[in-house]
Amino acid sequence: MDDKMSGGGNPLAGNPMGGGGGGGEAAPSGEPTRLKLQYSLRKEVTTGFKAIPAAKFTELLDSLKSAANNDARIELLETGRANWMFTCKQLLEILNVTPSVKTRMAFVDQIAPRCTDPKDAPKVEAIFKYAEEKRQVEELLSARAKQIALGSTMKKPTGMTAGRG
C-alpha cells in the first residue's frame, strides 16, 4: 500500500467517502459505518494562562496548515497550545485547517478546556454535520462553561476579610 492510500497515518485519509467520520468498512446494507469518536472531558488547570497573542496564533495556524498530515497537526497543536487560552473564533480557524472530522474532534478536545468564551459553542458545533459530533462538541465546551462558572463563584469578593465581623 502506498503512502497516498494510507493517508500518512490518518485512517480516514484514504476513505473515498471524504473522511467525514466514516470508517472504511461497509455495513451489511453497503453503507459506510460511522466511527464512534469518544473524547474525555479534560480538566486542565489554566491558572496563569493568557490569551494567545495574535502573532503567536498566526504562527501556530500557519504551522498547522503546512503540516505534512493530520497526525502531525494534532501533535503540533498539542505542543503549540502551551500556556495559551483561545476563543471560539480561534478554535474555528484551527478547525478549518482540515476537513477530517476525526482531526477536528481532536482539536476541539485539546482546545475546549482552554476556551475563554464557551458560550459561543453553537458556532463551533455548526461546522459539524452529524448529531453525534455536535453533541460531543457541546459536551466538551459546556464542561468548560461550567468550570468557568464554578471558578467565578469560588472567587472571594475583594474587600472581604476572614473572621467574624
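User: Okay, why is C88 called buried?

Analyst: Buried means under 20% relative accessible area, exposed means over 50%, and partly exposed is in between, using a 1.4 Å probe and protein chains only. C88 has a relative accessible area of 1%, so it counts as buried. Keep in mind that this is a predicted model, where local features need pLDDT of at least 70 and side-chain atom pairs count only at pLDDT 80 or more, while totals for chains, interfaces and linings use all residues. Residues are numbered from 1 along each chain as its sequence is written, and side-chain values use heavy atoms, with hydrogens and water left out.

User: What about C115, and how do you know whether C115 and C88 are bonded or too far apart?

Analyst: C115 sits at 0% relative accessibility, so that's buried as well. For a disulfide, two cysteine sulfur atoms must be within 2.5 Å. The sulfur of C115 is 3.5 Å from the closest cysteine sulfur, the one in C88, so that's too far for a bond. A search of the whole structure turns up 0 disulfides.

User: What makes F57 and F86 an edge-to-face pair?

Analyst: Rings of Phe, Tyr and Trp (its six-membered ring) pair if their centres lie within 6.5 Å; planes under 30 degrees apart are stacked, over 60 edge-to-face, and the rest tilted. Here the centres are 6.4 Å apart and the planes are at 65°, so the pair of F57 and F86 is edge-to-face. F57 is in helix α2 (residues 54–66), while F86 is in the loop between β4 (84–85) and α4 (88–95), 29 residues apart. Those helices and strands are DSSP runs numbered from the N terminus: helices are H or I with at least four residues, strands are E with at least two. Both F57 and F86 are buried, and the structure holds 1 aromatic pair.

User: Why is T58 called partly exposed?

Analyst: T58, which lies in helix α2, has 42% relative accessibility, so it falls in the in-between class and counts as partly exposed.

User: And why is helix α5 described as largely enclosed?

Analyst: In α5 (residues 101–111), 10 of the 11 residues are buried, so the rest of the structure largely encloses this helix. Among the buried ones are V101, F107 and I111. The side chain of Q110 reaches the backbone nitrogen of E78 at 3.0 Å.

Terms used
A polar contact is a pair of N or O atoms within 3.5 Å; within protein, one must be able to donate a hydrogen and the other to accept it, and residues adjacent in sequence count only if both atoms are side-chain atoms.
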